[in-house]
Amino acid sequence: MKTDILEKLSGRVLLLDSAMGSSLLAEKFGSGLEAGELWNVEDGKKEKVRQIHQANVRAGSDVVITNTFGANRFKLGHYGLAGRVRELNSAGARLCREAAEGKALVAGDIGPTGEILEGSGGDRTPDEVRAGYDEQVAGLLEGGVDLFILETFMDVEELKLALEAVRAASELRVIASMTFQSGAGRLATMWGLTPEQAARELTEAGTDIVGANCGMGSEEMVQVVGRMAGSTGLPICAQPNAGLPEMVEGKTVYRETPEQMAEKAVALAAAGARLIGGCCGSTPEYIAAAKVKLGL
Ligand SMILES: [Zn+2]
């Protein structure tokens with residue numbers, strides 16, 4: 001029988017992994033001019049993706065996330081790769097599974113399309129976006145994943161379409177995670193949803209785990225988790241950035257150290273987070289440090 005993440009979670013806090021996108025950029029492969037998901041199939045590059053997965057598993061990740069965040073037909077379309085959705089997702093899942101070697105669960109990563117839905121002021125119909133996610137989900141299932149993580153969503157309606165796509169094709173567990181920003185004295189998604197509202201809407205939409213990732217460092221993430229915890233009975237997942245990005249000599253840098261992030265992992269757990277990982281700027285060193293701090 002397959003391991004159910006909810007069963008594992010009932011025992012202890014679980015660790016997700018650290019950032020893939022910013023790690024690949026640090027490897028100097030990423031010019032941003034090509035799709036990072038292409039690295040799942042290119043010789044010389046897929047080894048790097050595998051190494052990042054392996055480094056996270058070695059650091060103590062209980063769940064590793066596939067390199068498929070932007071592998072939907074809309075985002076890949078910007079690189080002329082719209083016809084390769086299934087292949088790149090399937091390859092990403094296989095690569096991650098091989099690297100995990102059964103020591104960690106594999107979460108199929110799905111991010112926003114980068115398009116704006118009709119109902120939110122854009123011109124994409126829900127059917128178009130849903131069809132895009134159906135295709136991505138099929139590729140991830142073909143490659144083999146243990147669960148799904150839908151992350152960095154700013155529009156809850158788009159997230160719900162991705163969730164519907166997963167539910168239509170599988171019975172695997174789903175983490176649904178949104179990105180909040182702080183500004184003007186309030187924490188909310190770019191579309192104005194508060195952590196409480198997001199937690200309630202996602203719970204009603206039928207996800208298994210709710211979460212927040214990206215957009216902020218660990219300090220503010222603790223607040224988001226605390227507010228979500230008061231609004232849902234579901235487990236909460238938190239993946240902060242290593243602080244806010246700063247531009248230094250044309251490069252993006254994140255200033256929180258693995259040690260600082262790990263200190264905050266304890267606060268995240270105290271606020272109610274049951275799954276803890278890192279988003280932009282985080283490294284396997286953070287996962288290793290969090291493991292120690294959390295006594296896992
Ligand atoms: Zn991020």
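1. A residue is counted as buried if 20 or more other C-beta atoms lie within 10 Å of its own. With that in mind, in this predicted model both faces of strand S5 are covered, since Arg173, Ile175 and Ser177 on one side and Val174, Ala176 and Met178 on the other are all buried. Strand S5 spans residues 173-178, and six of its six residues are buried.

2. The setting of S5 is an open sheet of eight strands, which runs in the order S1-S12-S9-S8-S5-S4-S3-S2 with parallel pairing. Strand S1 (14-15) and strand S2 (63-65) stand at the edges with a single partner strand each, so one side of each is left without a neighbour in the sheet.

3. On one side, S5 pairs with strand S4 (residues 147-153) in the parallel sense over five bridges, and within this pairing Ile175 of S5 is the bridge partner of Ile149. Between S4 and S5 the chain passes through helix H7 (residues 156-169), and this β-α-β crossover is right-handed.

4. S5 also pairs with strand S8 (residues 209-213), again in the parallel sense, over four bridges, and here Ile175 stands opposite Ile209. S8 in turn pairs with strand S9 (residues 236-239) in the parallel sense over four bridges, where Ile236 of S9 is the bridge partner of Val210. Helix H7 packs on the sheet, touching strand S3 (105-110), S4 and S5, and its direction makes about 165° with that of S4. Helix H8 packs on the sheet as well, touching S5 and S8, and its direction makes about 145° with that of S8.

5. Helix H8 covers residues 195-205, and its buried residues are Pro195, Ala198, Ala199, Glu201 and Leu202. An α-helix has 3.6 residues a turn, so residues three or four places apart point the same way. What covers the buried residues of H8 includes H7, S5, strand S7 (186-188), S8 and helix H9 (218-229). After H8 comes Gly206, whose phi is positive, near 95°.

6. The largest nonpolar core has 91 residues, and those with the most contacts inside it are Ala107, Phe148, Leu150, Val225 and Ile276. Helix H5 (residues 85-100) gives the most to this core, with eight residues. Leaving aside neighbours within four places in sequence, Phe148 is in contact with Ala107, Gly108, Ile110, Val166, Leu172 and Val174.

7. Thr152, placed in strand S4, has a positive phi of about 65° although it is not a glycine. Cys214, which lies in the loop between S8 and H9, has a phi near 60°, likewise a positive value in a residue other than glycine. Is Thr152 buried or exposed? Thr152 has 23 other C-beta atoms within 10 Å, and is therefore buried. Cys214 counts as buried because it has 24 C-beta neighbours inside 10 Å.

8. Why does Ser282 count as buried? The reason is its 28 C-beta neighbours inside 10 Å, where the cut-off for a buried residue is 20 or more. Not counting residues up to four places away in sequence, Ser282 touches Ser18, Ala19, Ala242 and Met261. The C-alpha atoms of Ser282 and Arg58 are separated by 15 Å, the two residues being 224 residues apart along the chain.

Conventions. Residues are numbered from 1 along each chain as its sequence is written. This is a predicted model: local features need pLDDT of at least 70, side-chain atom pairs count only at pLDDT 80 or more; totals for chains, interfaces and linings use all residues. A residue is buried if 20 or more other C-beta atoms lie within 10 Å of its own, exposed if 12 or fewer, and partly exposed in between; C-beta atoms are placed from the backbone. Helices (H or I, at least four residues) and strands (E, at least two) are DSSP runs, numbered from the N terminus. Two strands pair if DSSP finds at least two bridges between them. A crossover is right-handed if, with the strands pointing away from the viewer, the path from the first strand over the helix to the second runs clockwise. Two residues are in contact if their C-beta atoms, placed from the backbone, lie within 7 Å. A nonpolar core is a set of buried Ala, Val, Leu, Ile, Met, Phe, Trp, Tyr and Cys residues joined through C-beta atoms within 7 Å. Axes are lines fitted to C-alpha atoms, for helices over the stretch in contact, and angles run from 0 to 180 degrees between N-to-C directions.
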